[in-house]
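Please walk through this structure with the paragraphs below as a guide. Keep the sequence at hand as you read.

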Amino acid sequence: MKLSQVLGAVLAYVSVANGAVLERPAGPRRAPQRLPRALDDSLRLVLSKEASISHELSDAPRWSEYHSPQPGTIVNVKTELDVQRVVQACVEYKIPFLAQGGGHGWIGSWHLGQNGLLINLRGLNKTTFNTERTQALTQGGALIKEVIDAAYANDAQIITGNCNCVGNMGALIGGGYGNLMGLYGFSVDNTLSMNVVLANGSAVTVGPEQNTDLWWALRGAGANFGVVTSAVMKSYPMPKPKNMAWTGGLFYTEDKIEQVVQAIQDLVLREPMNVFLYYVTSGPPAFEPTVFVTPFYFGTEAEGRAAFKSLLDIGPYKDSTAHIPYNEWNTAADTFCIKGGRKPSYGAGFGKMDPATWRQIWNAYVEFLKIPGTGYSSILTECYSLTYAQSLNAQDSAFANRQVRFNGAAIPYYMDPAIDEQAQAFGEKVRALWRASDGFPTNRTYVNFAFGDEPNDVVYDTNTKRLKYLKTQYDPDNVFNQWFDIPPGPVPQVATS
């Protein structure tokens, strides 16, 4: 029996608690205040036996509960066909929906409510390799740690992000920064093909010679065009003894801020290098703020220390760096993996590190920490070697951040919603400070770091018009509208001489 027949038989005349009837709407999208439980029964007829349905948000937790999605129904899929069947049902009956991998997207503009459905992709978490270990198929719900662990076990490397608990696919379709990008480029540069469920419910394979416009859009703005259920990635054979890097923490007193910032600005990051700068606290009970730098060098400790000599010469009061294996590189960031709480995060891209700006940010950070319950808040900035990534064709994908040297984020972290207004003011202030000295003619923000109030041009830059036009072809009803909504638009005009 076809999905439409199953759903039609069960749902066409089901009464909802508020008196509405769930039937195929003929006009504008109108959704009931909550989804009828009869939907569960109808979906179970077409889902795999291993799939399940829940109505508890705790079954698909979010990293931040600030303005987070509040779906009435959660479908825990186990196969790629499950994803297609759920999307078909949602499209057929105009049910708002969202697909979730790691649940770390922090935008404050989610609008999925009790009348909506969340597709929990976590059951799709496998990563497998070809015999030569030059390609890996990773499923849409795999976390970064799961991908790294699989690669390490197979004596290989894959380009992933630097936070273990983030969904690998969500990071990838936004662009995908990572420790090894100086050697291999962004995640979007290392993707060979994708399986994706589209807004019309069809499942297609997309690649450089298949659905080429969609291939371009998915790599940089993927969440606006479909649910990526799996992707084939480049992988790089690497025996365990060589799969090591020097990394860890360098801690500085606040009087060294200007020196540290200037040293990072002046660093020439070679391919095996990256560096992060954080403002964090010591944790309970004192929550004393400190300056924390994490250098990274894919190579020996001696090579790493030589490469980052300028930072070491400043004199950190603590050095916790070590030469560690690939599957441990991200462990220092595991404190960022705690689910729940409120984390309205504000990001910005900038072209230079300005010591005076970072002193102002420190002062704002220390002032915000005076609010009880904010001691786990942080500031971070990431800086990677971009030489190789910038040598690739920037027009090959919709990723718009290739020329941005630094990406920063202010991350307030607290439990009490009464702090929301103060947290927003703090985040906006830090973002404004970065933007005031960013060195760009217009604001730029990496889509996976943005707060959610940015216009399309800030996160998609000059790709916005083409993306809007492609929405008219692949998602004319704007089904995928939760993540930095790209409304369908006209054919972009080509300048003529």
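This is a predicted model: local features need pLDDT of at least 70, side-chain atom pairs count only at pLDDT 80 or more; totals for chains, interfaces and linings use all residues.

Start with the salt bridges. A search of the whole structure turns up 19 of them. One joins the side chains of Glu146 and Arg122, with N and O 3.0 Å apart. Glu146 sits in helix α4, residues 144-153, while Arg122 sits in the loop between β6 (117-120) and β7 (127-129), so this pair ties together parts that are 24 residues apart in sequence. Glu146 has 26% relative accessibility, so it counts as partly exposed. Arg122, at 25%, is also partly exposed.

Move on to Lys240 and Asp155. They form a salt bridge too, and their closest N and O atoms are 3.0 Å apart. Lys240 belongs to the loop between β13 (236-237) and β14 (244-247), and Asp155 to the loop between α4 and β9 (156-157), so the bridge ties together parts that lie 85 residues apart in sequence. Lys240 is partly exposed at 31% relative accessibility. Asp155 is partly exposed at 27%.

Next, look at Asp420 and Arg342. Their salt bridge brings the closest N and O atoms to 2.8 Å. It links distant parts of the chain: Asp420 is in helix α13, Arg342 is in the loop between β19 (322-325) and β20 (346-350), and 78 residues separate them. Are these two residues buried or exposed? Asp420 has 12% relative accessibility, so it counts as buried. Arg342 is buried as well, with a relative accessible area of 13%.

Salt bridges can also join up. Glu254, Glu258 and Arg359 are linked in a network of them.

Now turn to the helices. Helix α11 spans residues 355-368, and helix α13 spans residues 420-436. Their axes come within 10 Å and cross at roughly 175°. An angle over 145 degrees counts as roughly antiparallel, so α11 is roughly antiparallel to α13. Several residues make up the meeting surfaces. From α11 they include Trp358, Ile361, Tyr365 and Phe368. From α13 they include Phe426, Val430, Leu433 and Trp434.

Finish with Glu382. It lies in strand β21, residues 378-384. Leaving aside residues up to four places away in sequence, Glu382 touches Val275, Phe276, Arg405, Phe406, Asn407 and Phe449.

Conventions: Residues are numbered from 1 along each chain as its sequence is written. Side-chain values use heavy atoms; hydrogens and water are left out. Helices (H or I, at least four residues) and strands (E, at least two) are DSSP runs, numbered from the N terminus. Contact means heavy atoms within 4.5 Å. Axes are lines fitted to C-alpha atoms, for helices over the stretch in contact, and angles run from 0 to 180 degrees between N-to-C directions. Angles under 35 degrees count as roughly parallel, over 145 as roughly antiparallel, 65 to 115 as roughly perpendicular and the rest as oblique. A salt bridge is a side-chain nitrogen of Lys or Arg within 4 Å of a carboxyl oxygen of Asp or Glu. Buried means under 20% relative accessible area, exposed over 50%, partly exposed in between (1.4 Å probe, protein chains only).
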